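Reader: Could you take me closely through the part of this chain that UniProt annotates as a binding site, and set it in its surroundings?

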Amino acid sequence: MIVLGIESSCDETAAAVVRDDRTILSNVVLSQLDEHRPYGGVVPEIAARSHLDYMDSITDQAMKEAGIGYEDLDAVAVTGGPGLIGGVMVGVMTAKAISLARQLPFVAVNHLEGHALTARLNGDVEFPYLLLLVSGGHCQLLAVEGVGKYTLYGRTVDDAVGEAFDKSAKMMGLPYPGGPNLEKMAAKGDASKYDLPRPMKGRPGCDFSFSGLKTAVRQQIQKLPEEGLTDPVVADLCASFQKAVGDVLEDRVGRAIAQFKQDYGDGHALVVGGGVAANTHIRGVLTGLCAREGMQFAAPPIHLCTDNAAMIAWAGLEHFRLGHQDSLEFAPRPRWPL
Ligand code: KG4
Ligand code: ZN
């Protein structure tokens, strides 16, 4: 079974072809970073126009690189939401056109489910597993029982982790995108330099909160002596911020593991997904936690953690082989909880 996947819910125009033996035949991602950088964040209108300009050629490229023709496809899958509506519409229209012209089944995929199932494309991860989904727009802990079967353990009550990284980085004058740049600076800093809060740490339940941490970074910056944000200061602040996030995630995920073991028993995996899963410190924290808890830890390679279409093709494939597909009446869903 071979599925074409299309992704355009944020600032990557992406298309990929994936086979059911978990081979990624092609995975093309065009980042719009350069177009949004001057504005310090994603501008929805620019994103939608850019998706429109490039979607056809990116899809063609994915098919060419896969070395197959449209007649070799079994289905076409596309991110149907959640995300920026203009971009999602471009992807959905493209996928519907291909489906109609080539008489192919159409599968609308929840972007979060793409992140959630990536670990199964990448390696041997069996259901059920505990999922930490940490991206620019989302921060959730879920028990993944099967395709389409998710139980929410906890979520952020305010900012997503990636958002906290991006906003804090911006306050420190780091270029967009903040997350990866903050991580680079943190590598040169001293994490014990600034005493930042660990919101929600030690509280019952598995919810997160990051807006207090972001505010603490702002207050710390306001308190700096006259030289202000010099490189060594920024490095220390980044390292302290990253350490605070790592400590919070360790606490929250630790609680979720206890809940998950109660619900499903031992011998299962913790999977991390979403763009923030690219962070080496956070991966290290989770690796240590899983070693102590006797759990398998599965983290997809970085290019599959950040937005891509291989994860959408794979999630579509997982649904399609269970007999699920959508009608061409499907309407894009800017909000679509898992
Ligand atoms: O999953 P993703 O590509 O897009 C969304 O669905 O949101 O995640 C992007 C987010 C951004 O907030 C970005 O700053 C963050 O992931 N990110 C990182 C790192 N790489 C990407 N955050 C911390 N450390 C990183 N290395
Ligand atoms: Zn994403």
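Author: Helices (H or I, at least four residues) and strands (E, at least two) are taken here as DSSP runs, numbered from the N terminus. The model is predicted, so local features need pLDDT of at least 70 and side-chain atom pairs count only at pLDDT 80 or more, while totals for chains, interfaces and linings use all residues. Residues are numbered from 1 along each chain as its sequence is written, and chains are lettered from A and ligands numbered from 1 in the order in which they are written.

In an unreviewed entry, UniProt places the feature "binding site" at His111, His115 and Asp307; these positions are in the numbering used here, feature names are shortened, and annotations may be inferred rather than shown by experiment. Although the three span 197 residues in sequence, no two of their C-alpha atoms are more than 8.9 Å apart, so they gather at one spot.

Asp307 lies in the loop between α10 (302-305) and α11 (310-320), whereas His111 is found in helix α4 (residues 111-122). A residue is called buried if 20 or more other C-beta atoms, placed from the backbone, lie within 10 Å of its own, exposed if 12 or fewer, and partly exposed in between. Asp307 is buried because 26 other C-beta atoms lie within 10 Å, and His111 also counts as buried, with 26 C-beta neighbours inside 10 Å.

Contact means that the C-beta atoms of two residues, placed from the backbone, lie within 7 Å. Leaving aside neighbours within four places in sequence, Asp307 is in contact with Glu7, Cys10, Glu12, Ala14 and Gly275, and His111, with the same exclusion, touches Ser9, Thr79, Gly81, Pro82 and Gly83.
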